[in-house]
Amino acid sequence: MKIFVIMKRTFDTEEKIVINNGKISEDGAEFIINPYDEYAIEEAIQLKDKHGGEVTVVTIGNEDSEKELRTALAMGADKAVLINIEDDIEDGDQFTTASVLGEYFKGQEYDIILGGNVAIDGGSGQVGPRLAEALQINYVTTITKLDINGNTAVIGRDVEGDSEVVEASLPLLVTAQQGLNEPRYPSLPGIMKAKKKPLDELELDDLDIDEDDVAAKTKTLEIYLPPQKAAGKVLSGELNDQVKELVKLLQTEAKVI
Ligand SMILES: Cc1cc2nc3c(=O)[nH]c(=O)nc-3n(C[C@H](O)[C@H](O)[C@H](O)COP(=O)(O)OP(=O)(O)OC[C@H]3O[C@@H](n4cnc5c(N)ncnc54)[C@H](O)[C@@H]3O)c2cc1C
């Protein structure tokens, strides 16, 4: 089975985020595999264990993305591909990402492509569906269960807390939701083996892509952090007095009654 994972390197949103000149500052930021993509990688490895074949992890990024690709290889992927766009494209958007991936996959044989349901930084959830559209293949989003039998996939998906079961034929693209599996940590032997696994680097020229054809269709005008929350107030004293004080504050300070 030819299994691919599309993986995004994201900054860790659990860490402090600093904005400089309307962009999230990369200085001092921690970078990780997008957490939803970890589910995709884990599922891909489990599919390989069950059905045989090969797992290839693909990312669009720059040479810093090699670290996250090596982590995916250490988890158990067989091959990694870095599409390095650093020298060619300054501002990309979801159209750029999906179009570049589309050109890459037009030159590949694949049975299934797995991705994350959403990136925790950009957060549009567009790349998977846009890629499937570009390739004219079936796609199912936010999946929590995947069983493949021959050419047919039976998929459980999360629908705002409810579940839906969908059947689709391969080739197929799916995007992973929390609950699909428990991603493994890379083992020490896995980390050692990963150093020798193939990691290919491609540029737009290798894919015969003209940068104008994948130029962004949207422009981010502003990025800002939410306003700092004012500290809360703790009332003390007799309960009756506290209630009176609370009502007064709701009228005069919060102005909600
Ligand atoms: C050349 C380039 C320049 C960019 N410049 C800017 C910029 O100046 N400002 C800015 O704010 N953003 C920039 N971006 C980021 C871009 O706008 C989006 O973050 C990116 O297209 C993904 O969209 P998303 O984060 O909404 O992902 P989603 O659509 O939410 O991601 C869903 C899933 O798609 C897959 N995926 C997403 N991105 C990638 C990837 N890069 N490689 C492989 N798989 C992926 C993953 O499986 C992910 O879980 C740039 C991107 C590129 C390619």
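Helices (H or I, at least four residues) and strands (E, at least two) are DSSP runs, numbered from the N terminus. The model described here is predicted, so local features need pLDDT of at least 70 and side-chain atom pairs count only at pLDDT 80 or more, while totals for chains, interfaces and linings use all residues. Residues are numbered from 1 along each chain as its sequence is written, and side-chain values use heavy atoms, with hydrogens and water left out.

**Domains**

The protein chain is assigned domain 1 (2-214) and domain 2 (227-257); such bounds come from an automatic or database domain assignment. Taken over C-alpha atoms, the centres of domain 1 and domain 2 are 48 Å apart.

The loop between β1 and β2 (9-11) holds M7. M7 counts as buried because its relative accessibility is 4%; buried means under 20% relative accessible area, exposed over 50%, and partly exposed in between (1.4 Å probe, protein chains only). Contact means heavy atoms within 4.5 Å. Neighbours within four places in sequence left aside, M7 is in contact with I33, D37, I41, V57, V58, T59, E68 and L69. Between M7 and I191 there are 184 residues in sequence and 18 Å in space, C-alpha to C-alpha.

**The ligand**

D37, a contact of M7, is also among the residues closest to the ligand, together with K8, T97, S124 and G125. In total, 29 residues surround the ligand, where a residue is near a molecule or strand if one of its heavy atoms lies within 4 Å of it. Strand β6 (54-61), helix α3 and strand β8 each supply at least two residues of this shell. The largest share, 3 residues, comes from β6.

| Residue | Atom of the residue | Distance to an oxygen atom of the ligand |
|---|---|---|
| D37 | polar side-chain atom | 2.4 Å |
| Q94 | polar side-chain atom | 3.2 Å |
| G122 | backbone N or O atom | 3.4 Å |

On its own the ligand has 930 Å² of accessible area, and the protein covers 86% of it. Accessible areas come from the Shrake-Rupley method with a 1.4 Å probe; for residues, only the protein chains shown count as cover.

**Helix α4**

Helix α4 spans residues 127-135, and its buried residues are G128, P129, L131, A132 and L135. Seen down the axis of α4, these residues fall within an arc of 160°, so they line one face of the helix. The arc is that of the directions from the helix axis to the C-beta atoms. Packed against the buried residues of α4 are β1 (2-6), α3 (94-106), β8 (112-116), β9 (138-149) and β12 (172-176). Just after α4, Q136 has a positive phi of about 55°.

**Backbone details**

L170 and P171 are joined by a cis peptide bond with omega of about -5°. P171 sits in the loop between β11 (162-169) and β12.

D208 is not a glycine, yet its phi is positive, about 55°. This residue, D208, lies in the loop between β13 (199-202) and α6 (239-252), and D208 is exposed, with a relative accessible area of 73%. K255, which is not a glycine either, has a positive phi of about 55°. K255 belongs to the segment after α6 and counts as exposed at 64% relative accessibility.

Note on methods. A polar contact is a pair of N or O atoms within 3.5 Å; within protein, one must be able to donate a hydrogen and the other to accept it, and residues adjacent in sequence count only if both atoms are side-chain atoms.
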